[in-house]
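Me: Can you walk me through this one? I'd like to start with how the chains meet.

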Amino acid sequence: MGEEEPRIGVFICHCGVNIGGVVNVPEVVKYAKTLPNVAHAEDNIYTCSEAGLASIKEAIKKRKLNRVIVASCTPRTHEPLFRSACSEAKLNHYLFEMANIREQCSWVHAHQLEKATKKAKDIVRMAVARATWLEPQEEPELEIKDNALVIGGGISGMTAALTLADQGFKVYLVEKEPELGGNLRRLHKLYPTMQDTLEILEPTIKAVSANKKIETLVSTTVSDVKGYVGNFKVTLAKNGEKREIEIGTIIVACGAMNYTPPKGLYQYGVYPNVVTQLEMDELLRNGKIEKPPERVIMIQCVGARKGEIRAVDLTGFPKSDTARLLAKILKAKREEGWPYCSKICCMNAIKNAILIKEKFPETDVIILYGDVRVYKEYEDFYSEARENQVKFVKHIEEVTPEITQEPEGKLTVTAYDALSGLEMKLPCDWVVLSTPLIPRKEEVILARMLKIPISQDGFLMEAHLKLRPVDTQMDGIFLAGAASGPKDVPESIISAKAAAARASILMANKKMRTEALTSFVDEEQCIGCGLCEEICSYGAHYLEDAKSHTIAALCRGCGACAAECPRRAITMQHFTDAQILAQVKAALTEEV
Amino acid sequence: MAEKTVLIIGGGVSGIQASLDLASRGYKVYLVEKSPSIGGRMAQLDKTFPTLDCSMCILAPKMIDCSHHANVQLLTYSEVKRVKGSRGNFLVTVLRKPRFVDETKCTGCGICADHCPVEVPNEFDEQLGMRKAIYMPFPQAVPRSMTVDKANCIECGLCQKMCQAGAVDLKQEPKEVELNVGAVIVSIGFDLFDPTQIPTYGYGRYRNLITSLELERLLCASGPTGGHLIRPSDGKIPRKIAFIQCVGSRDRRFGTTYCSSICCKYSVKDAVLIREHEPNTMVTIFYIDLRAFGKGFQEFVNRAKSEYGVRFVRSSPGEIMEDPVTKNLAIWYEDTVAGRIESTEFDLVVLCPALVPRADARELAKVLGAEVDSYGFFKAADILTNPVDTTVPGIFACGYCLGPKTGDIPDSIMQGSATAARVAEVLERV
Amino acid sequence: MEEAKVEAEFEPVILAFCCNWCSYAGADLAGTSRFEYPTNVRIIRVMCSGRIDPTFVLSAFRWGADGVLITGCHPGDCHYVQGNYMMERRFAFLKEALGHLGIEPERLRLEWISAGEGEKFAALIRDTTQKIKQMGPNPLKTM
């Protein structure tokens, strides 16, 4: 502990009704006041508001607090905010602790008010126990190199690279294929302007080649990433040859890929005229459809929105039909696929439908859908399609349409009309399957290398879905384009520019303060066994004169060395044995 | 110097993000906001979809960062009047409207408001609650200062007498400030389509017919009912609630033919919140297409159907009629699945109106010399490749004032960061 | 009706160690998604499951924990590369040690939860609480 007695201030947040509606906050405040070393306790409606922060700062000054606890939401969102408030009141911000009584209490115990209040008290007691043992720390400063790595040379990667290069930063643009361009190389036209993709792609590729600040490396992959923000050591691989570069920030723009249905699904791979929309793009571009087809049927959500069939609303159907339909739906084999909506497939289908009608005005085009998810001004595009006689038919998506082939080669699609419940048998020449954008397999490897988690839908996870959509939980690593989820061209460009903006902040400032979570060796206790050096993933321990030493700049604060050291010679700052054991004891006993 | 200075017009979440990104880069940012506080629409929301984060909780730290950042100067209760010059060197005249309170002295204690004799409808609460003539728009306002609404003030001087900090100054005059900036970012956001334009719905005549933004204020703990969902007519808890999508959207009658992108999402979110809060209240959503795209959203809708029992009816209702005694509302609609005209009674109906450009957007566009599109949103230089540039070099736009786009909060934040990148690209080369 | 039964019912106290990057975030996600679970768990945040010293676990049982749950990142996904593997090694030793101390090894549990697995976290707490309830109180408490 420090030289002085701890004087802890406890601030308990109502968070409106998020906490206050479940936990009896005034009761917890009263309880906090009874705990040892607590010199002050109060409640706030919103501790994160200006009023709450002012209250903290005032209490620190007036009550001479040397430890502050805020019992509210998860530290993963507001800890920096409260730490700043402490710093502003001249209290070292490592003397601040948060007690999570929202995400891990009121929000998961909404119907157990009494028990939730008791739990909140326990959580506060645990925080007080830990706070008693906290010590002030100094944060090391990291140098940030002013060059960036962009992984992926599609439209997003190229946009990010250009945005950074235009601001004067050196960029390594790495692309695993032999050419730049990504998915756009295979697409024919872009909605809603109906421009040829090459109109967008060629000038961008040209600009990248012409830009002296961008070093483009095609047929190259990232094989290893070491280091940390500002100082990544990246190993690139090309044709078996390796090259190491030192990088300040990384933007992941590896994109997504189009889902190819397994053979047999909708008879894809069995009948030659069952194709994906991407394949239809290629057919249209290469003029491969010579004879005007009589009818083209597009089927939406193939492999997307395939969650569990949990509820099917059949109200309104005549009773006799309902039973039959329900039986059919429940017997239907669960179609495999991804649970999410891929956002862009409705527009993409409409785009191709309009293109087909432009080329072959007599062709009947039908789109079978569950919901037509065009949005923003694209609604006008949808109207245009309908005016061009493209037919939109809502079908019962829970029953996978059957595709059969007549001897002459004509296909028949059997589906159920959602508005009448009647079976439809539709002869056609082409069946076009709208499939979702899905995560690339390489993503898993990248995610591991970069220590970025993967969301439930399989895409790379952003730091916060709402508030930090291009950041990741790793400082210095950002996401651009479809790597984090399906996007169309303008959305990809916007996210790429946003990622570049975020990366450029670090590089422009050249320095960054980092967490003071580093290990510390007590040389008297150390017997020089070398175990810490052996297990450290970052090379942060080295032995000299038979004693271990920590290189603070390399230490990431995991604490494994502290747990492994046979002599307990290593202390993990801010997560010491004493602090953790105090929490354990306080959790299990009323002792603090 | 102008080259390292930026003006941002509009203090909603996208303007705030752009401010923080630029300020962190070392640019000096002037953030101008028409209303007394930054925060914008996100501050009015209760929870955000699909994560159900408390909106103010995640916005507040960014608002406070703005007010504390050495490189950001907030000019709230101010408007941009004139813009001259060109990229790299704009001369902007900003009118600082008098709030009759010294921001530097006001502590936000609220004693003045306690004694103010004048009560008027609160715009922040969508006119559902009341405020005084001297007021703070919401408890987490930034800057944390009171403002006098001179139009409704009766000049009794009580606020000045009661203020312990000597912050009230009823003699304040409007002030014009000249700013020299290198680039401008517009982030003025949106307004709601006025549902009175659809007389068959009866908005404005029926007490229990509200807009989705009004619903947000009712659900919000800092709103006029402390977060309790009650019917405006009698204060009872509603037991049968209906949401009507696409009010004014996708509608050729009003020129708002676009889809507003977020309404399907937020109404499912609100439906889930209501069902969570009041398990005995049924919620029905009338929709045309359920546009639940976006990360995690289809999964959220599946949960809404299976776990929360939210009902979905595919129909665009034609008419709403009020029972004069109970003030319940009967919705007349065509059940497209059954092929019949039906009528169902609800005790509270929520309209999801189209999101339209602000009434002052055209005027601001004129001041800036920027073009607007046929809907009145700021026109992008190129919808595919230059989506956040306006038609004036050096002037950029982000957020809903650019039009619906994906429309949600992450999208607005990405656009805010993207405009920051554009500004840096342009000014670093000047 | 149920109330008298509830009073007599044993409510275990379970300590859960969660790593900041994966399982603690997963626990937060359970909260944001409003997945409900019993109130018996007390969570202690560490930066990595590799930080968890065996003495933390043994002390927990000594001080009366009815169950200890250790959670971390999935193998291969550890934010610090191999911290979770080190924890896995210790886990095997701890299970054996508990047996020697007269504590059922099943009271200690190790699970991998990622930041995106909110529902899994909630299900884990429900399951663990149920299992520990069936085992009864920590035998050391009655000694």
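Reply: Buried area is the accessible area, taken with a 1.4 Å probe, that two parts lose on being put together, summed over both. Keep in mind that this is a predicted model.

Me: OK, what area is buried between chain B and chain A?

Reply: About 6700 Å². Carbon and sulfur atoms give 59% of that area.

Me: How many residues does each chain bring to the contact?

Reply: Chain B brings 77 residues and chain A brings 81.

Me: How many salt bridges across the interface?

Reply: The rule finds six between chain B and chain A. One pairs A:Lys497 with B:Glu425, with the closest N and O atoms 3.4 Å apart.

Me: And how many residue pairs in polar contact?

Reply: The rule finds 31 across the interface, both residues at pLDDT 80 or more.

Me: Which element of chain B gives the most to the side that touches chain A?

Reply: α10(B), with twelve residues. Others that supply at least two include α1 (13-24), α3 (55-68) and α8 (297-306) of chain B.

Me: How does that side split by class?

Reply: The side of chain B that touches chain A has 36 nonpolar, 21 polar and 20 charged residues.

Me: Switching topic. How many cavities of 30 Å³ or more are there?

Reply: A search of the whole structure finds 13.

Me: Which residues are closest to the centre of the largest cavity?

Reply: A:Lys343, A:Leu465, A:Lys487, B:Gly294 and B:Lys295, out of 33 lining residues. α13 (489-509) of chain A and α10 of chain B each give two or more residues to that lining.

Me: What classes make up the lining?

Reply: The lining of the largest cavity has 16 nonpolar, seven polar and ten charged residues.

How values were computed: Residues are numbered from 1 along each chain as its sequence is written. Chains are lettered from A and ligands numbered from 1 in the order in which they are written. This is a predicted model: local features need pLDDT of at least 70, side-chain atom pairs count only at pLDDT 80 or more; totals for chains, interfaces and linings use all residues. Side-chain values use heavy atoms; hydrogens and water are left out. Contact means heavy atoms within 4.5 Å. A salt bridge is a side-chain nitrogen of Lys or Arg within 4 Å of a carboxyl oxygen of Asp or Glu. A polar contact is a pair of N or O atoms within 3.5 Å; within protein, one must be able to donate a hydrogen and the other to accept it, and residues adjacent in sequence count only if both atoms are side-chain atoms. Helices (H or I, at least four residues) and strands (E, at least two) are DSSP runs, numbered from the N terminus. Ala, Val, Leu, Ile, Met, Phe, Trp, Tyr, Cys and Pro count as nonpolar, Asp, Glu, Lys and Arg as charged, and the others, Gly among them, as polar. On a 1 Å grid over the protein atoms alone, a cavity is a set of points where a 1.4 Å probe fits but cannot get out, and a pocket is an open set with protein on both sides within 12 Å along at least five of seven lines; lining residues have an atom within 4 Å of a point. Grid points are joined across faces, edges and corners, and a volume is the space filled by probe spheres set on the points.
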